[in-house]
Amino acid sequence: MALVTGFVKTNENFRNQGQPSGTTVTFVVIHGWTVTVASVGDTRCILVSEGNEVSTLTVDHRFENNEEERNRVISKGIEIGRIKIPDGSEVGPLRCWPGGLCLSRSIGDFDVGDFILPIPHVKQIKLSTAGGRLIIASDGVWDAITCEKAAKCCRGLSSEDAARTIVRASVKKRGGIRDDTTCLVVDVMPSDYSLQSMFWPTSDRRGNLNSCFSWWKSKSSSTVVDTVLPSPGMVEELFEDDSARRLELLSSDPSSNYFICAYCETTISLNDLITVHAGSFFSTSNQASEGPFYCRSCKQQED
C-alpha cells in the first residue's frame with residue numbers, strides 16, 4: 001500500500017510542478033530475503049535464481065503486449081493504433097491517439113490523458129537461502145535482448161561487470177543506439193558466496209515463472225513474512241496486485257462524504273475517516289482532508 005501511495009503522490013508532484021513529460025518506474029525494496037517490486041511502464045526487473053531459472057517480477061504496461069491494459073484504454077474511447085506512413089502502411093508499436101504514447105501506465109504524461117495511470121504492478125517474493133540476482137533495466141535493454149540472454153551473458157561476473165556487459169550487449173544489438181539503455185544488477189546472496197558458484201554457471205536449465213515459483217497468494221499486501229525460508233532453489237510469491245481499481249481507492253473525494261478504505265476496501269463514513277498521513281490513531285489531526293484514507297480499524301492495526 002505504501003508503494004502504491006508513493007507512486008500516486010509522486011505523480012501528483014509531477015502535476016503540481018508542471019512536468020509535461022513522463023517516466024517509467026521500477027522500484028525495488030530488499031528486506032532480508034524478501035524482495036518487493038513496484039513498476040509502471042516498460043522498465044523491467046527479472047530474477048535469476050538457482051539453476052539459472054529466469055523469472056520476470058514486473059509486468060510490461062505496453063499496448064503491444066498487454067491485452068488487459070489495451071482493452072481498459074479502448075473502453076475509455078481511446079484509439080489504439082500504429083503510426084501510419086505516407087504509403088498507407090503502419091509501422092512501430094501500438095500507440096494511443098492522441099498522444100502517441102505506447103504505454104498505458106507511467107508517472108506524468110498528463111498531456112496524453114487521464115487514462116494513463118500511475119498505479120503500479122506490485123509483486124513481493126521471498127528468496128531461499130540460495131539467494132538470487134536481480135537485473136533491473138530500462139526498455140532500451142529489453143528491446144534488444146531477452147531476459148534469458150541478459151541473465152546468460154553475465155554469469156559469473158560481479159554485479160558491476162554484469163550491468164556493463166548487459167548494456168554493451170544491448171547497445172551492440174541496436175547498432176550503437178544507447179537511448180533508454182540503463183541497467184542495475186543487485187545480488188542478494190549469502191555472506192559466504194563466491195563468484196565461482198554464483199548463479200550456477202555449469203547449468204543451462206531455463207524455466208518460466210510457473211516452474212520456478214512455489215505459488216501461494218495472500219489476501220492483502222500486509223502479509224506478515226515469517227522467518228521460515230523456502231527450500232534452496234525455491235522462491236515463494238507472497239503477494240501480487242496489478243489492479244487499476246486502486247486508482248479509485250486512492251482518489252476518494254472528501255467533499256462527497258463517501259469514502260473507501262484504501263486497505264480493506266470497505267465503505268467508510270466521514271466520522272470514521274482517517275487519512276493515511278495522520279500520526280497516531282489518537283492524533284487530533286486524523287481528520288485531515290488529504291487521502292488516501294483508512295477506516296479506524298485498519299488505522300489502529302497500522303499503529
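## Basis of the model

The structure is a predicted model, in which local features need pLDDT of at least 70 and side-chain atom pairs count only at pLDDT 80 or more, while totals for chains, interfaces and linings use all residues. Residues are numbered from 1 along each chain as its sequence is written, and side-chain values use heavy atoms, with hydrogens and water left out.

## Overall architecture

The protein chain contains eight helices and 15 strands; these are DSSP runs numbered from the N terminus, with helices being H or I of at least four residues and strands E of at least two. Of its 303 residues, 46% count as buried. Buried means under 20% relative accessible area, exposed over 50%, and partly exposed in between (1.4 Å probe, protein chains only).

Among contacts (heavy atoms within 4.5 Å) between residues at least 6 apart in sequence, 60% join residues at least 24 apart. The chain exposes about 15,200 Å², and carbon and sulfur atoms supply 51% of that area. Accessible areas come from the Shrake-Rupley method with a 1.4 Å probe; for residues, only the protein chains shown count as cover.

## Nonpolar cores

In soluble globular proteins, nonpolar side chains tend to be buried together. A nonpolar core is defined here as a set of buried Ala, Val, Leu, Ile, Met, Phe, Trp, Tyr and Cys residues joined through side-chain atoms within 4.5 Å. The largest such core has 20 residues, and those with the most contacts inside it are Ile135, Trp142, Ile166, Cys183 and Val185. Two or more residues each come from β3 (44–49), β8 (132–137), α3 (139–142), α4 (147–152), α5 (159–173) and β9 (183–188). Helix α5 gives the most, with five residues.

Which residues does isoleucine 166 contact, leaving aside neighbours within four places in sequence? Its partners are Ile135, Val141, Ile145, Ala150, Cys153, Cys154, Cys183 and Val185. Apart from this core lies another, of twelve residues, among them Ile78, Ile80, Leu94 and Leu103.

Threonine 43 is located in the loop between β2 (34–40) and β3. This residue counts as buried because its relative accessibility is 10%. Its side chain makes a polar contact with the side chain of threonine 26 at 2.6 Å. A polar contact is a pair of N or O atoms within 3.5 Å; within protein, one must be able to donate a hydrogen and the other to accept it, and residues adjacent in sequence count only if both atoms are side-chain atoms. Not counting residues up to four places away in sequence, threonine 43 also touches residues including Asp60, Ala137 and Asp139.

Valine 54 belongs to strand β4 (residues 53–56) and, at 7% relative accessibility, is buried.

## Backbone features

The peptide bond from tryptophan 97 to proline 98 is cis, with omega near 5°. Proline 98 is placed in the loop between β6 and β7 (121–126), and aspartate 109 lies in the loop between β6 and β7 as well.

Aspartate 109 has a positive phi of about 60° although it is not a glycine, and counts as buried at 11% relative accessibility. Aspartate 180, in the loop between α5 and β9, has a positive phi of about 55°. Its relative accessibility is 39%, so aspartate 180 counts as partly exposed.
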